[in-house]
Amino acid sequence: MIQARCGAVAEACPSFDVFYSIKANPSLGLSGFFRRMGAGAEIASGGELHIAKEAGFDPADVVFAGPGKTDREIEDAIVAGVFAINAESVREIERITNVSKLLGIPARVALRVNTASGLASPGVGSAGPLHEQMAGGPSRFGIDEEKLGRLADVWNPRALDIVGVHVYTASQILNPDEIVENARRTVAVARLVEEITERPIRSIDFGGGIGVPHYESETPLDVAALGARGEEVFEPVSSKGARLIIELGRYLVS
């Protein structure tokens, strides 16, 4: 089932690299299974970095996301050479910069952005009364889009290589229109970061948020149709060579 689901996503989204969110099930054997299928890994802790290493993932196919990273975890991720550390705040950018300077190794960073607009009325879903909204309005995740202008005050290009952006919308979404709308917001944020850094975006990490039905009344997403719409939205950036990453956990293993 896992192999079929991972294959269906890869077929529906040929421009994307599929990354498995290890936190969904941190089994070493399962993580190795995803690696053998060609998936990358999204980690959220130093422990998960260890699992990713033991499972044999190429560091170039590992991203480190999530708030609350310790300086030791940041150091280990930089030394390991992960593809990107997803910076969750302006303060975290400063901390990554300090660790990078101490190590003498530039850190690759993706800016996790909380978009100014998001799901207006998340509704009722399998996750509970409301989806956990991660874009649109104040959030404990990511840099608020309105605060991206502060990047110029803290960014040291010698210590920090900004390789891209990461935008997540919510979890357990069963409405494809919401995911497509978030894709459009993600492309807009990528263009904004390009303007601020005056450098082309090299990667977009699109947290999937694809839900799984928990009740008979819920309808599964048509991943093939969703993929076609997503490919169209992201084509302006993928055609310029940007790496596209789709991050999935629950959808692949639940």
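Lys53 and Glu54 are exposed (over 50% relative accessible area, with a 1.4 Å probe and protein chains only; buried is under 20%, partly exposed in between) and sit on the face of helix 3 turned away from its buried side. Helices here are DSSP runs of H or I with at least four residues, strands are runs of E with at least two, and both are numbered from the N terminus. The model is predicted: local features need pLDDT of at least 70, side-chain atom pairs count only at pLDDT 80 or more, and totals for chains, interfaces and linings use all residues. Residues are numbered from 1 along each chain as its sequence is written, and side-chain values use heavy atoms, without hydrogens and water.

The buried residues of helix 3 (residues 46-55) are Glu48, Leu49, Ile51, Ala52 and Ala55. Seen down the helix axis, they fall within an arc of 160° (taken from the directions from the axis to the C-beta atoms), so they line one face of helix 3. After helix 3 comes Gly56, with a positive phi near 95°.

Salt bridges (a side-chain nitrogen of Lys or Arg within 4 Å of a carboxyl oxygen of Asp or Glu) number eleven in the whole structure. One of them joins Lys69 and Glu92, with the closest N and O atoms 2.9 Å apart. This pair links the loop between strand 3 and helix 4 to helix 5 (residues 90-103), 23 residues apart. Lys69 is buried at 3% relative accessible area, and Glu92 is buried at 4%.

Another salt bridge pairs Asp177 with Arg229, at 3.1 Å between the closest N and O atoms. Asp177 belongs to helix 7 and Arg229 to helix 8 (residues 223-238), so the pair ties together parts 52 residues apart in sequence.
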